[in-house]
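Hi,

Here is the structure I promised to pass on. Have a look at it first, and then read my notes on the aromatic rings below.

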Amino acid sequence: MRGGADQLDDDVELAVRHLIEPWTTASNGRCDVVCVEGGAGDAIGALGVRRARACEIDPGTALAWVAWAGANGGAHGRRRGAASGRFGAWWLLAALGDLLEDWPVAPDELGELAGELRWLRWNAFEPEIGWNLRLAVEDPDERVSWAIAASDEAE
């Protein structure tokens with residue numbers, strides 16, 4: 001980790017907020033992002049979740065979820081399209097790896113970074129209604145983790 005933990009936290013939070021901006025500005029969505037020292041379970045707990053279940057997923061599946069979130073507009077926002085979602089996924093990945101100052105980052109480098117991280121989908125034993133992005137990302141080498149809880153219901 002080249003930057004300080006606070007800067008990484010800010011960069012990742014901003015990347016996630018830009019990613020799902022239509023959910024929160026043009027619809028009735030919400031987004032919470034946390035960064036903690038520790039594992040993915042610690043990050044999920046820092047969101048205030050008392051009980052959760054998580055499933056480890058491969059980097060490709062995780063980034064597909066991220067790109068999907070960035071491509072759609074949530075319940076009422078305008079759909080931005082696959083290119084926008086893909087860019088948002090790459091930008092978030094670069095923020096997770098503290099590579100934003102090196103932008104544009106070579107695709108192979110982003111792929112290598114994605115493989116070094118541990119990715120999990122999680123939920124709090126609640127039904128998923130509407131649009132949801134619940135991911136936890138753990139950097140085992142740095143012992144830092146992030147949890148994302150974004151949702152937008154169709155009501």
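Trp103 comes out as partly exposed because its relative accessibility is 29%; buried means under 20% relative accessible area, exposed over 50%, and partly exposed in between, with a 1.4 Å probe and protein chains only. Trp91 is also at 29%, so it counts as partly exposed. The ring centres of Trp91 and Trp103 are 4.9 Å apart with the planes at 65 degrees, so this pair is edge-to-face. Rings of Phe, Tyr and Trp (its six-membered ring) pair if their centres lie within 6.5 Å, and planes under 30 degrees apart are stacked, over 60 edge-to-face, the rest tilted. Trp91 belongs to helix H5 (residues 82-96) and Trp103 to the loop between H5 and helix H6 (107-116), twelve residues apart, so to speak a link between distant parts of the chain. Helices (H or I, at least four residues) are DSSP runs, numbered from the N terminus.

A word on the source: this is a predicted model, where local features need pLDDT of at least 70, side-chain atom pairs count only at pLDDT 80 or more, and totals for chains, interfaces and linings use all residues. Residues are numbered from 1 along each chain as its sequence is written, and side-chain values use heavy atoms, leaving out hydrogens and water.

Now for helix H4 (residues 59-71): it holds both Trp65 and Trp68, three residues apart, about one turn of the helix. Trp23, Trp65 and Trp68 make up one aromatic cluster. The charged end of Arg121 sits over the ring of Trp65, 3.7 Å from its centre (NZ of Lys or CZ of Arg within 6 Å of the ring centre and within 35 degrees of the ring normal).

Cheers

Note on methods: Helix = DSSP H or I, 4+ residues; strand = E, 2+ residues; numbered from the N terminus.
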